[in-house]
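Visitor: I am new to this structure and would like to learn how to read it. Please take me through it one feature at a time.

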Amino acid sequence: MVAETGYPVESHVVQTQDGYRLTMHRIPHGKVPDDTKRPAVFLLHGLLSSSADWVVIGPERALAYQLVDRGYDVWMGNSRGNTYSRDHVSLDPNFPAFWDFTWHEIGMKDLPAMLDYVLKTTGWDKLHYIGHSQGTTSLWVMLSLLPEYNNYFLSVSALAPVAYMSNCKSPFFRFLALSGDTLELLSGLLGDYEFAPSTTLMQLGGQLTCMDYSPFQEVCSNILFLLAGYDSEQLNRVNRTILEIFTLL
């Protein structure tokens, strides 16, 4: 995805203390080769996401490219269990033991391993950190329980930070919170330990309803609001009337 845009990209694998193998993606410089030692910035995705989130919308708007073009050495982490980090020294992702973790282990094991690797590789003593959602929750875990890591950062940018859920606006997650114990029990009985909703059908549905100029964008918007809470002003969208859509066809 990155290479197709003309930017250089590297893959780095780091192993955690408990045996998970995590892949990080690095954009060391812009399209023009540059040997300058750039300040390092580490990006960590949110729940059900990956490093792809930081580049998927392209060089004109994606944060990773914007940082590279402004002189940073960009590292994008991947937490255990996601698309790029489904590997372990002994555990198989097809079995329950692989999935016996939460954001607590991400903060205690994944983040320290990745950050130590980035600093060792770049030669810096400190770096910038940008986390989104779960990428902030795991950071709070690490900073509170491994306080020595508070000295690792030049700056921390918390996007949609999550610490306590008392003020969560999403009716969907409020319902899940009330039913959490029951859902966990049912999930265990059914043997469904991996939560991976990204199926071909969902991808196709997302493209048809959420893509720019789709006449069904309001359906997509309301599904997002159900999950994340209503905030229409903060949703990027490109609307067309039905007449305009048929004119474009």
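Predicted model: local features only at pLDDT ≥ 70, side-chain atom pairs only at ≥ 80, totals over all residues.

Visitor: Which helices and strands does the chain have, and in what order do they run?

Guide: The chain has eight helices and six strands. Read from the N terminus, the order is β-β-β-α-β-α-β-α-β-α-α-α-α-α.

Visitor: How much of the chain is buried?

Guide: Of its 249 residues, 37% count as buried. The chain exposes about 15100 Å², and carbon and sulfur atoms supply 59% of that area.

Visitor: How do I describe the way helices α2 and α3 cross?

Guide: Look at the distance and the angle between their axes. Helix α2 covers residues 103-122 and helix α3 covers residues 134-145; their axes come within 8 Å and cross at roughly 80°. That makes the two helices roughly perpendicular, because angles of 65 to 115 degrees are classed that way. Among the residues that meet here are Trp 103, Met 108 and Leu 115 in α2, and Gln 134, Val 141 and Leu 145 in α3.

Visitor: How many salt bridges are there in the whole structure?

Guide: A search finds six. One of them joins the side chains of Asp 18 and Arg 80, at 2.8 Å from N to O. Asp 18 sits in the loop between β1 and β2, Arg 80 in the loop between β4 and α2, and the two are 62 residues apart.

Visitor: Are Asp 18 and Arg 80 buried or partly exposed?

Guide: Asp 18 has a relative accessibility of 26%, so it counts as partly exposed. Arg 80, at 4%, is buried.

Visitor: With which other residue does Arg 80 form a salt bridge?

Guide: Arg 80 also pairs with Asp 110, where the closest N and O atoms are 2.7 Å apart. Asp 110 lies in helix α2, 30 residues from Arg 80. Both partners of this pair are buried.

Visitor: Where is Ser 50, and what does it touch?

Guide: Ser 50 is in the loop between β3 and α1. Leaving aside residues up to four places away in sequence, Ser 50 touches His 45, Asn 78, Asn 82 and Tyr 84. Its relative accessibility is 7%, so Ser 50 counts as buried.

Key:
Residues numbered from 1 in each chain as written. Heavy atoms only, no water. Axes fitted to C-alpha atoms, helices over the stretch in contact; angles between N-to-C directions. Helix = DSSP H or I, 4+ residues; strand = E, 2+ residues; numbered from the N terminus. Parallel < 35°, antiparallel > 145°, perpendicular 65-115°, else oblique. Contact = heavy atoms within 4.5 Å. Buried < 20%, exposed > 50% of the residue type's maximum accessible area, 1.4 Å probe, protein only. Areas by Shrake-Rupley, 256 points an atom, 1.4 Å probe, with all protein chains shown as cover. Salt bridge = Lys/Arg side-chain N within 4 Å of Asp/Glu carboxyl O.
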